[in-house]
Amino acid sequence: RAPSSRPRLLQLIKMTSFQGVSGPVSFDVNQDRVGVSYGLYNYREDVGGLVEIGTWTDPIGINMTRKAIFSDGSETVPTDLEVAFVSFSSGGGIAITIVASLCLAVVSVATTIALIVEYKRKNTMIIRSSPRFLLIIILGLTLALISVYFWFGSPSPWMCHLRVWFAFIGCGIAYSALLTKNYHLWYLFNEPSLRIVTVSLKKLLSILLLVVAPLAIVLILWSGLAPFRIILQDNPSKSVRFLTCRSDNDVIFAAIAFSYLALIFFVGRIF
């Protein structure tokens, strides 16, 4: 028969005693289980799972076997500070959004013009100017600008990766397309005999992909070997802690990616 009231249910619980799968089951006057043992676990980003750091047993209590590691990677107990991140409604967020949106609007106008040029590409002069590479450059710039929007809101590991991928791949595509386009012009006008020469679009696209490939490999290695994690970073001047993206050796991977983009840019200027 089901208990008729809450006090009756508590009374029946205190009177309960049986041999369960986990051992003897009985309760004290506080309705806590007698003689039970619980494991204390610490979630660790560096191991990607739970690590046992102690136990709680009746009647001994807590027995810590190792120190807890907190979200910032230290053993320091975090203080009760406000957790902050860039939001769309903040002053900085509004300013960045306006600038990025204006840039995207300019890119949209450029895209429209490029599509009109592509539509009228039967003109010999337009054909020689490789209008499709203009579209590829615009695509790269668009991807780079979209990366700005992944900096808003409470960050997550996948948002951190998208920031890096959209920014570097976008710039890489734009710079590589510009380099390939300049190489095309150099090849056409560097013919000593002044005879008419052509370079197929397929060959030019192959060159573009070969130029972008090393940058993509760097980003794949970065994401695979040093994935991003979210940590709380203290701000000494304010009573807030910022949620930020961090990964092992992120400075090294970023330096390699920036250096390669700079190399593409300067090589493109040589032609």
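**Entry 1: salt bridges**

I looked up the salt bridges and found that the structure holds three. I counted a salt bridge where a side-chain nitrogen of Lys or Arg lies within 4 Å of a carboxyl oxygen of Asp or Glu. I note that this is a predicted model, in which local features need pLDDT of at least 70 and side-chain atom pairs count only at pLDDT 80 or more, while totals for chains, interfaces and linings use all residues. Residues are numbered from 1 along each chain as its sequence is written, and side-chain values use heavy atoms, with hydrogens and water left out.

I began with Asp-46 and Arg-44, whose closest N and O atoms are 2.9 Å apart. For burial I used relative accessible area: under 20% is buried, over 50% is exposed, and partly exposed is in between (1.4 Å probe, protein chains only). Asp-46 is exposed at 57%, whereas Arg-44 is buried at 16%.

I then turned to Glu-75 and Lys-67, which meet in a salt bridge of 3.7 Å, N to O. Glu-75 is partly exposed at 45%, and Lys-67 is exposed at 59%.

I also examined Arg-229 and Asp-248, with the closest N and O atoms 3.3 Å apart. This pair links distant parts of the chain, 19 residues apart: Arg-229 is in strand S7 (residues 229-234), and Asp-248 is in the loop between S8 and helix H7 (250-270). Helices (H or I, at least four residues) and strands (E, at least two) are DSSP runs, numbered from the N terminus. Both partners are partly exposed, Arg-229 at 27% and Asp-248 at 45%.

**Entry 2: the disulfide**

I searched for cysteine sulfur atoms within 2.5 Å of each other, the rule for a disulfide, and the count came to one. The bond joins Cys-160 to Cys-245, at 1.9 Å from S to S. The link is left-handed, with -70 degrees about the S-S bond. Cys-160 lies in helix H5 (residues 157-189) and Cys-245 in strand S8 (residues 240-246), so the pair ties together parts that are 85 residues apart in sequence. I found Cys-160 and Cys-245 both buried. I also checked Cys-171, which is partly exposed at 24%.

**Entry 3: a nonpolar patch**

Which residues form a nonpolar patch on the surface? I recorded Tyr-38, Trp-56, Ile-62 and Met-64, with about 430 Å² of accessible area together. Areas come from the Shrake-Rupley method with a 1.4 Å probe; for residues, only the protein chains shown count as cover. Patch residues have over 30% relative accessible area and no salt bridge; like charges are joined within 9 Å, and nonpolar side chains (Val, Leu, Ile, Met, Phe, Trp, Tyr) within 5 Å. Ile-62 lies in strand S5 (residues 61-64) and is exposed at 57%.
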